[in-house]
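Welcome! Here is a short tour of a structure that may be new to you. Have a look at it first, and then we will walk through a few of its features together.

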Amino acid sequence: MSLTNERIQQRLTEKFGDVLTGFEEPFGMLTLTAQKDYNLKVMQFLFDDEELRFRFLTDITAVHYPDRKNEELAVVYHLHNFQDNIRLRLKVFAPVAAPQVFTATQLYASANWMERETYDFYGIDFVGHPNLIRILNVDEMNYFPMRKEFPLEDSMRIDKDDEMFGRGGNI
Amino acid sequence: MLDQKQHIKLPEGSIEKNTTTLNLGPTHPATHGVFQNILEIDGERIVSAVSTVGYIHRAFEKIAERRPYYQVTPLTDRLNYCSAPINNMGWILTVEKLLGLEMPKRVDYLRVIIMELARIADHLICSSVMGVDTGALTGFVYLMTYRELIYEIYEEICGSRLTTNIGRIGGFERNFTPVAFQKIERFLAEYPAVLKEFETMLTRNRIFMERTQGVGGISAERAMSYGFTGPNLRAAGVDYDVRVANPYCSYQDFDFAVPVGTTGDSYDRYLVRNAEMWESLSIIRQAMDKLKDLPSDVYHADVPAYYLPDKQDVYTKMEALIYHFKIVMGEADMLPGEVYNAVEGANGELGFYLISDGGRSPYRLHFRRPCFIYYQAYAELVQGSMLSDAIVCMSSLNLIAGELDA
């Protein structure tokens, strides 16, 4: 239980220097941002290092920030070190025009479907993924539905005929 | 002959091939849910498997981006619908963590009771369905009676049975009634004998053991690589339990063991689940004892800005009316922030990754669904095994379609 967020940050900065930025600790979880091409190197280091030992991949997901120029898509990894029971959040930002990010499937078998899901909803192109196809949506879908440019239907819209939906009308 | 062949239009390579393609699912009774496995079988031996999921994908993450926080709770019901209260609590705890709300001890203990009941309800289904899939229907029908009793307890607390929407941000919507406590006591009194009987029937049953031992085994290392959590990981020998690793809801006040297996096969998963049911019973017992020392009228925290007030107060008090209006219209002041919160779901670590920009609904909400993550190991688990073993392996993993697809 000796591993602390400060120690992790120190180890990572020693190794990678300027590649890693944005160290934060929201709700106690160390959060950092890696340059796009370094996500796999950082994760490999976190995995292999005898002190850090982040060998469990909890989650991969993405977030869309349409207003951030050239870093619209964020890929978020949650990693866990079971021995020291400490978690870490790693973020990588990619432009929506070229959302190529290296895959983590060689490191964690669980990354396979998580990356497929992230691709399915956000269109992140995981370079080197063995089978990057849609997983939850239909194969024919030609857009990435969780992106912010696809808003949900306005619940206050009035152009629908309510009678068709079992509400209102003259019954 | 040649003409006929052209007329049928067989897929390329299908004449030469020595294996058979078999669709296990999406509506096969043994899948216990809507998902498909395309198996290549050589006789009865599985050569390879491809899993297809997404049949009941309902885009909850997208829907949640439009809903005020308190309206997300019913969405979480429909993830693992066998233990909906744990999902509800997981979501509520996430929001409370974001807002920094502290719950009174009594609320924590009531939540622990309801979560452990849900865990028992989930595990008893899984364990008894394993019996069904190996040919023993009796245990299933017998244990169902007690799931029914658990559902009656839910009903007494929140009014619904399967998709519970139990609890509110800041506590519970109403206090537990005396009848609810009576029913919990009845459950605690009757269930141990039933579970004992069930275990007597299956645990050392020769047929059951031969059908499950060595079936779908996985090493601890592979299980971790595949992101297994919960009973499936513990069956492989890794003692990771979110309740112990990152205690939430005052789980640190309780004394319980984390059962682990060794081989990670279907039999070990069954044993771990059964052992966990005993631990859950003990936790509920401890919680009921702890409740006796606490004031019996506390069922929510004093956080009027976030806790949906009693309807009676809304009609009679100005402040309650204002807060009610603000919460219902999604105008409650949510704090911006980024939070990951996990609870020990019945299938493993159920995580909620929430990004709030301070608006009325989450900016982004992601569910870490344990089922979805460990189901990808299925192809590896069944490769080279018999078709009937694949069925047992599937039921021992406790796959819930709602949680697979979100």
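How many of the 11 residues of helix α17 (residues 387–397) of chain B are buried? In α17 of chain B, 9 of the 11 residues are buried, so the helix is mostly covered. Buried means that 20 or more other C-beta atoms, placed from the backbone, lie within 10 Å of a residue's own; exposed means 12 or fewer, and partly exposed is in between. Among the buried residues are B:Ile391, B:Val392 and B:Leu397. Just after α17(B), B:Asn398 takes a positive phi of about 55°. Helices (H or I, at least four residues) and strands (E, at least two) are DSSP runs, numbered from the N terminus.

This is a predicted model, in which local features need pLDDT of at least 70, side-chain atom pairs count only at pLDDT 80 or more, and totals for chains, interfaces and linings use all residues. Residues are numbered from 1 along each chain as its sequence is written, and chains are lettered from A and ligands numbered from 1 in the order in which they are written.

Most residues other than glycine have a negative phi.

| Residue | Phi | Loop | C-beta atoms within 10 Å |
|---|---|---|---|
| B:Ser250 | about 60° | between α11 (242–245) and α12 (266–291) of chain B | 17, partly exposed |

Finally, the chains meet: 29 residues of chain B are in contact (C-beta atoms, placed from the backbone, within 7 Å) with 26 residues of chain A. Elements of chain B that each supply at least two residues to this side include α2 (60–64) and β4 (337–344).

Key
Contact = placed C-beta atoms within 7 Å.
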